[in-house]
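Here is a short tour of one structure. Keep the view open while you read.

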There are 6 protein chains.
Amino acid sequence: MSSQDDLFHPVIELPEPTRQARYDRLIGLDTVKRQLRKEAVLLADPDRLHAWARQHHPGTDPAALQLFADRAPLFVFSGDVGSGKSALAESFGCDLAEQLDLPVYLYRLKLATRGSGLVGEMTALIGDAFSYVHEQGRRARDPRGVNTVLVLVVDEADALVQSREAQQMHHEDRAGVDAFLAGVDSLAGARLPVLVVLCTNRVGALDPALMRRAAATFTFVRPDDQQRRAVLTRALHGITVRPDTFDKLVQLTGPDTDRPGYTFSDLTQRLVPAAVLQAFPDGPLRDEHLLTVANELAPSPVFAETP
Amino acid sequence: MSSQDDLFHPVIELPEPTRQARYDRLIGLDTVKRQLRKEAVLLADPDRLHAWARQHHPGTDPAALQLFADRAPLFVFSGDVGSGKSALAESFGCDLAEQLDLPVYLYRLKLATRGSGLVGEMTALIGDAFSYVHEQGRRARDPRGVNTVLVLVVDEADALVQSREAQQMHHEDRAGVDAFLAGVDSLAGARLPVLVVLCTNRVGALDPALMRRAAATFTFVRPDDQQRRAVLTRALHGITVRPDTFDKLVQLTGPDTDRPGYTFSDLTQRLVPAAVLQAFPDGPLRDEHLLTVANELAPSPVFAETP
Amino acid sequence: MSSQDDLFHPVIELPEPTRQARYDRLIGLDTVKRQLRKEAVLLADPDRLHAWARQHHPGTDPAALQLFADRAPLFVFSGDVGSGKSALAESFGCDLAEQLDLPVYLYRLKLATRGSGLVGEMTALIGDAFSYVHEQGRRARDPRGVNTVLVLVVDEADALVQSREAQQMHHEDRAGVDAFLAGVDSLAGARLPVLVVLCTNRVGALDPALMRRAAATFTFVRPDDQQRRAVLTRALHGITVRPDTFDKLVQLTGPDTDRPGYTFSDLTQRLVPAAVLQAFPDGPLRDEHLLTVANELAPSPVFAETP
Amino acid sequence: MSSQDDLFHPVIELPEPTRQARYDRLIGLDTVKRQLRKEAVLLADPDRLHAWARQHHPGTDPAALQLFADRAPLFVFSGDVGSGKSALAESFGCDLAEQLDLPVYLYRLKLATRGSGLVGEMTALIGDAFSYVHEQGRRARDPRGVNTVLVLVVDEADALVQSREAQQMHHEDRAGVDAFLAGVDSLAGARLPVLVVLCTNRVGALDPALMRRAAATFTFVRPDDQQRRAVLTRALHGITVRPDTFDKLVQLTGPDTDRPGYTFSDLTQRLVPAAVLQAFPDGPLRDEHLLTVANELAPSPVFAETP
Amino acid sequence: MSSQDDLFHPVIELPEPTRQARYDRLIGLDTVKRQLRKEAVLLADPDRLHAWARQHHPGTDPAALQLFADRAPLFVFSGDVGSGKSALAESFGCDLAEQLDLPVYLYRLKLATRGSGLVGEMTALIGDAFSYVHEQGRRARDPRGVNTVLVLVVDEADALVQSREAQQMHHEDRAGVDAFLAGVDSLAGARLPVLVVLCTNRVGALDPALMRRAAATFTFVRPDDQQRRAVLTRALHGITVRPDTFDKLVQLTGPDTDRPGYTFSDLTQRLVPAAVLQAFPDGPLRDEHLLTVANELAPSPVFAETP
Amino acid sequence: MSSQDDLFHPVIELPEPTRQARYDRLIGLDTVKRQLRKEAVLLADPDRLHAWARQHHPGTDPAALQLFADRAPLFVFSGDVGSGKSALAESFGCDLAEQLDLPVYLYRLKLATRGSGLVGEMTALIGDAFSYVHEQGRRARDPRGVNTVLVLVVDEADALVQSREAQQMHHEDRAGVDAFLAGVDSLAGARLPVLVVLCTNRVGALDPALMRRAAATFTFVRPDDQQRRAVLTRALHGITVRPDTFDKLVQLTGPDTDRPGYTFSDLTQRLVPAAVLQAFPDGPLRDEHLLTVANELAPSPVFAETP
């Protein structure tokens with residue numbers, strides 16, 4: 001049995017300020033945020049669904065409620081680099097913690113879970129990872145109800161669970177996909193307060209058998225004008241910037257015929273810091289610094305799926 | 001010799017309520033269901049065939065009866081993701097149990113049967129799996145007749161028995177196909193109450209030598225209008241839904257020029273639960289919830305066979 | 001040294017009723033049957049050739065007789081799935097046994113002879129297989145003449161002896177081909193009562209150095225109208241079928257522009273049993289059952305050689 | 001734990017005369033030089049940023065300052081062979097040392113860090129390399145502030161962190177990319193005086209997840225007319241060369257329709273030494289020697305990215 | 001050190017009747033036969049060359065004689081399947097033995113020399129093979145001169161020494177080519193009575209470094225009309241065949257627009273024996289038998305070099 | 001640490017008559033010969049460069065002299081098979097020995113240096129090879145100056161140091177290139193009397209990082225008319241040949257539209273010996289023999305670089 005450290009990056013208890021801030025900065029993803037919240041609530045307290053049915057569909061126990069038992073608590077976040085999918089996957093637990101007033105533990109699967117080379121290890125390690133989460137999930141439920149929620153995030157999931165449509169797939173990979181499917185299925189039956197989130201740049205590369213199990217698939221795109229404006233306004237809080245500079249920045253950072261628009265991280269980790277560095281140490285950050293950098297800085301390239 | 005746990009997912013005794021419910025939900029597959037029932041009956045009690053011949057073709061022993069001795073109890077279920085083939089494979093034993101008034105044991109081959117990496121192991125494991133089933137099959141027959149029926153399901157069979165037409169096939173795979181063929185042949189001769197079902201998305205990928213041995217090949221497709229209506233009616237039992245909403249749902253979930261229709265699981269694991277989640281917790285599930293989700297939810301993509 | 005069980009499927013002594021029946025069912029293969037009979041006779045009793053020469057070409061010892069010493073007792077059966085090549089390879093020994101009034105032992109090489117993974121094993125195993133057959137062949141000849149005949153069948157031979165034209169061939173395979181060539185050559189010189197038959201779907205895949213050694217290559221095709229009629233007549237013996245139904249069945253099971261005709265096994269292992277199952281258990285097998293199944297059942301797909 | 005010698009080429013303390021001379025010879029790279037200097041200053045003394053903000057944006061603590069905490073101290077130098085990127089990466093520490101009046105240690109990752117063959121080693125070695133640098137970085141910060149700066153250079157980085165877009169990527173490589181990402185992330189949080197520079201001929205080959213983390217990406221090109229003139233003037237200091245010879249040399253070493261221009265090293269390691277060798281030992285270096293060699297010497301070929 | 005049995009097929013002392021007969025049957029290869037004879041004579045007794053020079057070019061020692069010291073005793077026989085190259089390689093020693101009145105030992109390299117799988121073994125085995133031949137070659141020369149001649153035949157040489165132009169070549173292969181080159185070079189210097197003959201279907205696949213060392217390369221083709229007539233006449237000696245039947249056979253077995261002509265072995269191992277079998281046992285071999293078989297028998301396919 | 005015998009073919013002390021003769025036979029390569037001589041002189045006695053500068057550029061120490069310290073003593077010989085590059089690489093030390101009046105040791109790297117299969121060995125072996133040469137190089141310099149010169153020849157270098165542009169490159173190869181680069185760099189700094197010569201048929205396959213380090217790259221072509229005439233005249237010394245026969249031979253052995261010209265070795269190892277063999281033993285070598293062979297003998301094929 002592998003230890004927790006072999007399987008996961010350091011586990012993080014949410015809420016936590018940095019991730020809370022990231023969650024708040026993710027503007028325009030309200031639909032996803034809302035659905036994740038409901039799913040988590042139902043996992044944490046399944047009786048709420050029956051209570052809801054009793055209240056709103058009195059008289060009979062709707063057949064639809066039974067269908068929930070067949071679903072896996074699996075969510076797929078797909079989208080381009082910098083579209084916020086990983087940031088959301090690692091931060092939405094902050095919101096759940098607040099909603100449920102429970103601690104939420106964030107488990108991030110190490111991709112090194114693929115094993116240190118011995119064929120068969122990947123299968124064992126993925127099995128161990130799910131066993132571990134399963135075990136923690138069982139402890140998260142005590143006679144008085146759920147005491148914590150677990151979120152398991154698999155970033156760059158395509159590396160782990162890519163489609164068998166690609167015929168040349170290595171058997172070991174195949175066995176890894178099987179192990180993953182088995183892990184997801186084991187959670188589906190167990191009704192534990194565990195959510196699994198797969199993030200991928202290449203939704204087309206995920207195995208159909210896995211996609212079929214996803215309760216929902218969310219597609220993320222680069223921020224639109226409104227989102228970029230909101231991100232920039234927030235990031236430049238405390239600096240005096242002219243309104244028309246914001247207009248120009250929104251335009252300069254948007255897509256045009258030759259290139260895509262800026263990603264979230266292009267805005268916050270490149271554009272604004274670079275403008276600050278231009279000003280530093282000689283004088284204040286001025287609008288021209290921002291505009292100059294926005295003119296020169298190319299957005300992150302789009303991750304191209306191999307056709 | 002590998003243990004049962006190395007070879008199979010946990011063995012399930014049928015009938016069992018969840019699988020019975022799935023079997024019942026599989027609407028429109030009556031032909032397959034009927035043929036499987038007959039095959040199982042003949043395997044469980046071969047004398048019935050001769051009795052039938054004596055009754056309906058009196059006087060001579062028809063040559064055709066001898067041909068049954070050369071057939072392998074092998075069935076191929078091919079079809080798209082979500083077409084119900086795996087669900088049927090894992091649930092038709094419920095019907096057999098009822099028909100024969102005997103317990104039916106469901107063995108699901110682990111794909112990890114491909115071995116933990118040592119070349120030659122796959123062969124050994126497949127051999128072990130068939131030996132195990134063979135042994136159980138022999139115990140299933142005692143002097144008073146058949147006391148149980150065994151169903152061996154190989155899901156995603158293409159991963160295990162893909163065609164040697166693909167020249168670059170690894171030898172180990174080749175040996176695995178051989179082991180599988182040998183296993184099937186050993187059952188053919190033994191007249192044991194064992195049925196083998198292969199499920200595959202890609203019937204074209206199965207080895208011709210295997211296909212040749214199949215007693216029957218069934219092709220599954222996504223549910224048609226009538227089937228979708230029946231599935232939805234059943235799933236929404238207990239909820240008040242207007243008849244014309246059903247009409248619209250059937251239409252919205254059907255194929256059009258741009259995309260395929262919904263799969264069985266798209267209907268039961270995605271559409272209805274997502275609509276419930278939209279309503280929850282604020283109010284009852286209304287027709288609009290269903291229609292909204294049906295408008296937004298894309299059906300599972302078709303599994304594309306590499307040409 | 002590997003044991004017999006590692007090298008061969010269980011050895012079968014011919015004649016044996018099931019295989020005799022298969023041999024008899026193979027209609028339209030008389031040329032092959034006749035030539036195989038002659039070859040076996042000459043191997044079993046080489047003096048017959050000289051006796052023939054003395055009788056029919058008296059005076060000199062024809063040079064042609066010397067050429068027989070350079071030939072390998074190797075026959076290649078190539079053809080599509082279901083064309084009867086494997087069935088013939090495994091059953092013509094019944095005829096030899098009758099002709100020679102000697103027992104014939106059928107050795108079927110396990111493809112797992114390719115070894116359990118250690119490079120070099122395949123070479124050793126093939127070497128062992130030929131040594132074993134060679135040794136048995138020597139015992140088959142005693143001072144009074146030949147007391148048994150051995151037939152070594154290599155089914156799916158392309159997997160074992162594929163052409164070196166495919167440059168990316170693995171060295172181990174290459175060594176396996178070498179071992180096979182050496183084995184064949186050792187038999188060529190020894191004049192033992194051993195016949196080697198290679199069956200392959202893909203004659204183009206066999207190594208030219210092997211093809212060059214073949215005493216004869218026979219090409220098998222799917223049964224024609226006459227053969228299908230004969231097969232059906234035989235299989236439906238004991239059932240009352242109208243003559244025009246046979247006409248229709250022959251036509252329905254033949255090739256058309258869209259698909260190939262039925263194989264031998266499509267007729268005997270699919271068409272007739274499926275019709276029986278349709279009738280069973282409610283009433284007699286009627287002509288409509290046969291016609292319905294023939295209308296619905298698709299023939300086995302043709303094995304496509306990778307170009 | 002691997003030792004320093006396993007992980008890095010011999011560590012070099014900067015400033016050091018040879019590298020200082022190289023740094024000075026890199027003409028026309030002032031923008032890069034300036035930005036690297038600022039980044040290093042901020043890493044060495046983060047309070048300067050807040051001091052700047054207090055002075056130039058008084059009253060509030062600008063939100064932008066927080067964004068610096070999320071950035072990785074990672075810089076990507078991309079460009080053609082001979083464009084000076086590696087030379088700058090290994091020499092800009094001389095400037096930092098002078099600016100900060102601190103010693104700068106140059107760590108050059110061995111590409112043999114990919115491991116000596118055992119799968120899993122690469123991951124361990126990269127992990128060790130970052131742990132080592134991390135540990136040294138922590139020692140570089142004492143209560144009184146930063147006492148040294150570390151520069152980690154990964155030359156030919158594409159070999160180490162190539163993109164997962166290339167589907168056929170080996171898992172071990174994938175795990176190596178993961179280890180590298182983890183190492184970069186660990187530095188991002190730690191605010192240690194460590195800068196990481198990746199040099200690559202093929203920026204398109206770097207993993208997007210890595211590119212996303214880069215604080216800045218600089219593209220290097222071959223020297224233009226002005227740069228080549230400056231390099232040549234410097235290299236020929238002490239030799240009498242006619243002005244129009246310089247004009248001709250600048251022209252001869254520039255790009256034309258058929259070929260690229262000279263690289264920095266073509267000028268200093270090929271053109272001038274070859275001219276000296278032509279003159280040696282018989283007479284002085286004359287203008288004709290330079291012109292003759294410039295006429296004959298082909299520039300280094302451009303590194304072609306596989307499309 | 002590997003033993004002789006690991007390296008070579010059983011060594012054969014020439015002359016030997018079967019091979020002598022094959023040599024005699026190879027009609028139309030007189031040029032090759034003559035040159036091989038001269039080469040062997042010079043290797044067996046190098047002084048003959050100087051004696052020749054003294055006689056025919058008296059007065060000076062021609063520079064050309066020195067060039068012989070740089071040549072490797074390596075001959076390449078290339079050509080299609082059945083063109084006689086292997087037969088000649090393994091039989092021309094009979095002629096040498098007669099010419100020199102010395103025994104000639106035929107060593108046939110096992111292709112399994114490629115090793116039993118451990119990388120590095122192929123190199124060692126090839127090295128051992130040449131060491132062995134070298135050692136035997138040294139013993140073949142005693143103070144009184146040469147007492148035996150050795151011929152080393154490498155059949156299917158392309159499998160062993162294929163070109164490095166094929167970039168994807170495995171390193172082990174590369175090392176094998178190196179070992180082979182080293183072996184050939186060691187013989188070149190030693191002036192031992194050893195000749196090396198490489199046979200290949202694919203001369204284009206041999207490594208250029210090897211081709212460069214070949215003293216001569218002979219290209220073999222299928223027999224032309226005259227050769228086929230001679231072969232048939234010889235093979236049918238003792239049978240009465242009409243002259244015009246020979247004419248027809250020559251024509252029927254020649255190439256036409258759709259197919260190549262018969263190979264040597266097609267004539268002797270297929271055509272004539274098959275005709276005999278047609279006649280046997282009922283009557284004499286008649287012209288019609290020959291013509292019928294010639295009409296029906298397809299020539300061996302041409303070995304297609306991958307382009 | 002590997003021993004010398006593992007790393008190098010037997011070390012040869014130059015001058016040595018056979019190689020001296022080869023060197024003398026290489027006609028038309030005077031430019032290369034001259035430059036190699038100068039480089040070696042400077043390595044053996046670096047002060048000569050400063051002496052030269054003092055004499056011819058008095059007053060200042062030219063900056064150009066410093067550039068020599070950055071150069072690696074690496075020379076690339078590229079060209080077709082038979083163009084003389086390997087012959088020159090292995091023989092120019094004879095000239096150096098004469099010029100410097102010092103012994104020159106020729107080290108020829110074994111390509112088996114790639115290791116006996118354990119990944120990581122290649123790196124170690126190349127490292128050992130350079131360490132060994134480095135150590136010998138240090139011994140070659142004593143207080144009184146240089147006492148020997150070392151030449152390290154890497155023939156078929158592309159097999160060892162091929163370009164990383166080929167993405168599918170094996171990591172082990174990559175590590176080998178790194179080891180080679182490190183070895184070259186270690187020599188660059190050390191100013192030892194060591195020259196490294198890489199020979200390759202495929203200059204395009206060498207790693208750009210290696211090409212960048214080359215002090216000079218020489219391209220070799222097949223001999224032109226004048227060179228062929230000189231080679232033939234020399235080889236036929238002592239035989240009476242008519243002048244117009246030489247004219248015809250030069251023409252016959254030159255390139256035409258269909259084929260390339262003869263290589264050096266085609267002339268000396270094929271054409272002349274084959275003509276001698278035609279004459280031997282019956283009469284003198286006549287002009288017709290030469291012309292006949294020249295008419296029939298095809299030149300070595302050009303080594304085709306995979307595009």
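Predicted model: local features only at pLDDT ≥ 70, side-chain atom pairs only at ≥ 80, totals over all residues.

Start with helix α12 of chain A, residues 243-252. Its buried residues are A:Thr245, A:Phe246, A:Leu249 and A:Val250. Seen down the axis of α12(A), these buried residues fall within an arc of 140°, so they line one face of the helix. In an α-helix there are 3.6 residues a turn, so residues three or four places apart point the same way. The cover over the buried residues of α12(A) includes α11 (225-235) and α14 (287-296) of chain A.

Now turn to chain B. There, helix α12 (residues 225-235) packs against helix α14 (residues 264-279) at an angle of about 35°. The two axes lie 10 Å apart. The crossing of α12(B) past α14(B) is right-handed. The table names the residues that make the contact.

| Helix | Contact residues |
|---|---|
| α12(B) | B:Gln227, B:Arg228, B:Val231, B:Leu232, B:Ala235 |
| α14(B) | B:Phe264, B:Leu267, B:Thr268, B:Leu271, B:Val272 |

By class, this contact has 7 nonpolar, 2 polar and 1 charged residues.

Chain C holds an open sheet of 6 strands. The order is β1-β3-β6-β7-β2-β8, and the pairing is mixed. β1 (12-14) and β8 (216-220) of chain C stand at the edges with a single partner strand each, so one side of each has no neighbour in the sheet. Neighbouring strands are turned by 25° against each other on average, direction ignored.

Strands β6 (residues 149-154) and β7 (residues 194-200) of chain C run parallel, joined by 5 bridges. C:Leu152 has C:Val196 of β7(C) as its bridge partner. Helix α7 (residues 92-100) of chain C packs on the sheet and touches β1, β3 (104-108), β6 and β7 of chain C. The direction of α7 makes about 170° with that of β6(C).

Definitions and conventions:
Residues numbered from 1 in each chain as written. Chains lettered and ligands numbered in written order. Heavy atoms only, no water. Buried < 20%, exposed > 50% of the residue type's maximum accessible area, 1.4 Å probe, protein only. Helix = DSSP H or I, 4+ residues; strand = E, 2+ residues; numbered from the N terminus. Arc of directions from axis to C-beta. Contact = heavy atoms within 4.5 Å. Axes fitted to C-alpha atoms, helices over the stretch in contact; angles between N-to-C directions. Left-handed = near helix turned anticlockwise from the far one by under 90°. Nonpolar A, V, L, I, M, F, W, Y, C, P; charged D, E, K, R; others polar. Pairing = 2+ DSSP bridges.
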